[in-house]
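Please look over the sequence and the model below before reading on. The paragraphs after them go from the whole chain to single residues.

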Amino acid sequence: MTRLFGIIYALVGPTVAGVLIVVALTMNMYDMKTMIYAAVIGFVAALPVAWIVAGKINEA
């Protein structure tokens, strides 16, 4: 399951981080600190998402 988790995280991590960066840009927060925070929060938030999805795929 670890390999599957890694593959899914490689797809989900940048996606969630990108969504949060777009949200920050939409709210007119153009400073670099906000962009970095949004990316880090996105990558951290993607960890449990990837774990749950990998678990669901592994069950099937």
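This is a predicted model: local features need pLDDT of at least 70, side-chain atom pairs count only at pLDDT 80 or more; totals for chains, interfaces and linings use all residues.

Residues are numbered from 1 along each chain as its sequence is written, and side-chain values use heavy atoms, with hydrogens and water left out.

The protein chain has 2 helices and 0 strands; helices (H or I, at least four residues) and strands (E, at least two) are DSSP runs, numbered from the N terminus. Its radius of gyration is 13 Å, well over the 10 Å that the globule rule gives for 60 residues, so the chain is more spread out than a compact globule. That radius is taken over C-alpha atoms, and the globule rule is 2.2 Å times the number of residues to the power 0.38. Along the principal axes, the C-alpha atoms fill a box of roughly 45 × 15 × 15 Å.

Among contacts (heavy atoms within 4.5 Å) with a separation of 6 or more, 71% are between residues 24 or more positions apart. Of the 60 residues, 25% are buried; buried means under 20% relative accessible area, exposed over 50%, and partly exposed in between (1.4 Å probe, protein chains only).

The unreviewed UniProt entry lists residues 6-27 and 34-54 as "transmembrane region". UniProt positions are given in the numbering used here, feature names are shortened, and annotations may be inferred rather than shown by experiment. In the model, residues 6-27 are 95% helix and 0% strand, with end C-alpha atoms 32 Å apart. Residues 34-54 are 100% helix and 0% strand, and their end C-alpha atoms lie 30 Å apart.

Helix H1 covers residues 2-26 and includes Thr-26, which is exposed at 60% relative accessibility. The C-alpha atoms of Thr-26 and Ala-10, 16 residues apart in sequence, are separated by 25 Å. Asn-28 is in the loop between H1 and H2 and is exposed, at 57% relative accessible area. Its phi is positive, near 60°. Most residues other than glycine have a negative phi.

Met-32 belongs to helix H2, residues 32-59, and is exposed at 60%. Together with Ile-36, Tyr-37, Val-40, Ile-41, Val-44 and Leu-47, Met-32 forms a nonpolar surface patch of about 700 Å² accessible area. The protein chain exposes about 4,300 Å², with carbon and sulfur atoms supplying 75% of it.

Patches are made of residues with over 30% relative accessible area and no salt bridge; like charges are joined within 9 Å and nonpolar side chains (Val, Leu, Ile, Met, Phe, Trp, Tyr) within 5 Å. A salt bridge is a side-chain nitrogen of Lys or Arg within 4 Å of a carboxyl oxygen of Asp or Glu. Accessible areas come from the Shrake-Rupley method with a 1.4 Å probe; for residues, only the protein chains shown count as cover.
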